[in-house]
Amino acid sequence: MKILAIPGKMPITESWLFKILSATQWCQEPVEMHRFAAWDNEQAFSVDKELTYLPSGHFDVVITKSIGTLITLKAKNTISWDRLVLIGVAWSLFSESERDLLPALEDKGQPVLIIQENHDPFGSYAEIAAAVAGKHNISCVEIMGDRHQYANTEAIGKLINHWIKETHSVAAL
């Protein structure tokens, strides 16, 4: 199984994503954790520039947080997946045209899970749920929160595991 993890803008989200994955059925699977070039070069963070550094190819699972959700959606021509998990979609950072990328995931047909805090300052659950309403392959789950931190990694892992079972998209361990 190939798993690609794309963290948020802050380097701490790298270890956070590993905690999420360790709470899932994928805990024994190898993970390719993307590292943003801006972290190493202490440059200003640029979504378009970071897109050029992403790996390419097909992954069984792509899991991402915050600005990584936008990067993932914009990379649709270089990466593909069987399952996609978006945590803390940074909706306020999406341009008007980029906002079309989220509901367009329906066209791919693969299962998508979105986990969003009810009062996330970068985009509330209500905003995200409205954008994907009626999309048969997209599940949007609301969790409590208003800080864009998604600190309860164990609970998020359980949500992911439930979704895996629900969508019958589990890889046998």
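Phe36 and Trp39 are both buried. The model in which they are found is a predicted one.

The rings of Phe36 and Phe45 have centres 5.0 Å apart and planes at 80°, so this pair is edge-to-face. Altogether, the structure holds three aromatic pairs. Phe36 and Trp39 also form an edge-to-face pair, with 5.2 Å from centre to centre and 90° between the planes. Phe36, Trp39 and Phe45 form one aromatic cluster. Phe45 has a relative accessible area of 21%, so Phe45 is partly exposed.

Two lysine residues are placed over tryptophan rings, as the following table shows.

| Lysine | Ring | Distance to the ring centre |
|---|---|---|
| Lys65 | Trp16 | 5.6 Å |
| Lys108 | Trp81 | 4.6 Å |

Lys65 lies over the face of Trp16, and Trp16 is one of the buried residues of helix 1. In the other case, the charged end of Lys108 sits over the ring of Trp81.

Helix 1 comprises residues 12-22, and its buried residues are Thr13, Glu14, Trp16, Leu17, Ile20 and Leu21. Seen down the axis of helix 1, these buried residues fall within an arc of 165°, so they line one face of the helix. An α-helix has 3.6 residues a turn, so residues three or four places apart point the same way. The partners of this helix include strands and helices: the buried residues of helix 1 pack against strand 1 (3-6), strand 2 (31-33), helix 2 (37-41), strand 3 (57-65), strand 4 (79-87) and helix 7 (153-167).

Strand 1, one of these partners, is covered on both faces. Ile3 and Ala5 are buried on one side, and Leu4 and Ile6 are buried on the other. In a regular strand the side chains alternate between the two faces of the sheet.

Strand 1 pairs with two strands, strand 2 and strand 3. Strand 1 and strand 2 run parallel and are joined by three bridges; Leu4 has Glu32 of strand 2 as its bridge partner. From strand 1 the chain passes through helix 1 to strand 2, and this β-α-β crossover is right-handed. The pairing of strand 1 with strand 3 is likewise parallel and extends over four bridges. In that pairing, Ile6 stands opposite Thr64 of strand 3.

How values were computed: Residues numbered from 1 in each chain as written. Predicted model: local features only at pLDDT ≥ 70, side-chain atom pairs only at ≥ 80, totals over all residues. Heavy atoms only, no water. Phe/Tyr/Trp six-rings, centres within 6.5 Å; stacked < 30°, edge-to-face > 60°. Buried < 20%, exposed > 50% of the residue type's maximum accessible area, 1.4 Å probe, protein only. Lys NZ or Arg CZ within 6 Å of the ring centre and 35° of its normal. Arc of directions from axis to C-beta. Contact = heavy atoms within 4.5 Å. Pairing = 2+ DSSP bridges. Right-handed = clockwise from strand over helix to strand, strands pointing away.
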